[in-house]
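Work through the exercises below with the model open. Try each task before you read its solution.

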Amino acid sequence: MSDNNTSNDGEYPAPHLDIRQLRKLCYSKRLNFLLGAGASQPAIPTLTDGQKPKELIDQIRQVSSDLAAGSVSAGKEMDTLGAYVGFISMIISILSMSNSRAVPRSANIFTTNYDLFIEAAMDQVMQENYGVIFNDGANGYFRRYINTFNYDRSTALRGQFDNYNHETPTIRLIKPHGSINWGQSKADKDQELIEVLSQPVENPFLVLPDANESEHTMESRHFFEMLRLFNIELDKPQSILFVIGFSFQDKHIKGMMQRALQNPGLQVCIFAYSDETSKPDTGNAREDIMHNLGTISNPNLLILSPKDVANCVINLGKHDPPHADSKATENKSDSIRLNLKTVTRLLMPNNADSFPILAQADSGIGSK
């Protein structure tokens, strides 16, 4: 599908994008997603230089309170929630079409975000999709507590008279940095009990975004086990990881990704939000991510920029070689941003309209 070997001049070459082949991989591999802060924009901005983490957390708490109460305001909050609803619907469509005899009919969503957009989107989508299981790692009724053992559960539909056994599509949500609605219970001093509440809490159980995430993660058994689960899933054969809104500035996740790429059975696809780079005189967004990730080349690593996608749009159905019309590609890529909504359109099964729609893709979602 791609050729990401480093060229002689040291440049990271543009991949040959075959979006149909990328979609097919979703059905035959263990499905994983990694969402960063960029996935929840524009409703929630990324932490800027000089901004105190508490200011960002307060904003996340406010937006998440609206989500929990079902009173999402029109505009940025509604647009972001709509993007997440489409994203969850896309995953369910893929799982429904996947071959459960080849790989489990489940998907893992790993996110470093604290907000409740995924939970709110799942709540909305599951009203019309009864045959889907949402597993956030919690167990209980009146009081629900997180435990990584809960992620090992699977469910099957067997019919009213036991006349069939059908694996139920399952979406597992793993938050290695915590959540705005997690509270640390003091009921047992000898055991770390993390309670999942229906509303954001005043003092949530989080890994603060203060550039010391690696140290904070190791201080908590719970966060350590969440990251260990990330490693375990990416070590499994026939796995694929899609990365959205994340540029690997978190050192500990960067290290785990470097280790995971040693697995020859893992395909990693990173979507760069824009073609521009945040570092002057370094080239483009693909090289920016490669610099953060610290990886020179890997045949299992695919980094896609808007220009790559635009090239696919232009050459789709043509016999011209890739990148034949560089001017048309550049003009079209100016209107494409690889945000959550656009990536959803790219991966949505049997979405014949995804390519022309990309030219009008909404902007406003960055990456952390």
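**Getting oriented**

The protein chain has twelve helices and 13 strands (DSSP runs numbered from the N terminus: helices are H or I of at least four residues, strands are E of at least two). This is a predicted model: local features need pLDDT of at least 70, side-chain atom pairs count only at pLDDT 80 or more, and totals for chains, interfaces and linings use all residues. Residues are numbered from 1 along each chain as its sequence is written, and side-chain values use heavy atoms, with hydrogens and water left out.

**Exercise 1.** Find what percentage of the 368 residues in the protein chain is buried.

*Solution.* Start with the term: buried means under 20% relative accessible area, with a 1.4 Å probe and protein chains only. Buried residues make up 52% of the chain.

**Exercise 2.** Describe how helix H3 and helix H4 pack.

*Solution.* Locate H3 at residues 76-97 and H4 at residues 117-125. Their axes are 8 Å apart, at an angle of about 65° (axes are lines fitted to C-alpha atoms over the stretch in contact; angles run from 0 to 180 degrees between N-to-C directions). Next, list the contact (heavy atoms within 4.5 Å). H3 contributes residues including Leu-81, Tyr-84 and Ile-88, and H4 residues including Phe-117, Ala-121 and Val-125. Sort them by class: eleven are nonpolar, three polar and one charged. Here Ala, Val, Leu, Ile, Met, Phe, Trp, Tyr, Cys and Pro count as nonpolar, Asp, Glu, Lys and Arg as charged, and the others, Gly among them, as polar.

**Exercise 3.** Is Thr-168 buried or exposed?

*Solution.* First place Thr-168: it lies in the loop between strand S7 (166-167) and strand S8 (170-174). Its relative accessible area is 3%, so Thr-168 is buried. Then look at its surroundings. Leaving out residues up to four places away in sequence, Thr-168 touches Arg-105, Gly-131, Val-132, Ile-133, Thr-155, Ala-156 and Leu-157.

**Exercise 4.** Which way do the residues of strand S10 point, and which strands pair with S10?

*Solution.* Recall that side chains in a regular strand alternate between the two faces of the sheet. In S10 (residues 193-196), Leu-193 and Glu-195 point one way. Ile-194 and Val-196 point the other way, and all are buried. Now the partners (pairing takes at least two DSSP bridges). Strand S5 (residues 144-146) pairs with S10 in the antiparallel sense over two bridges. Tyr-145 has Glu-195 as its bridge partner. Strand S9 (residues 182-185) also runs antiparallel to S10, joined by four bridges. Gln-184 has Ile-194 as its bridge partner.

Note on methods
Buried means under 20% relative accessible area, exposed over 50%, partly exposed in between (1.4 Å probe, protein chains only).
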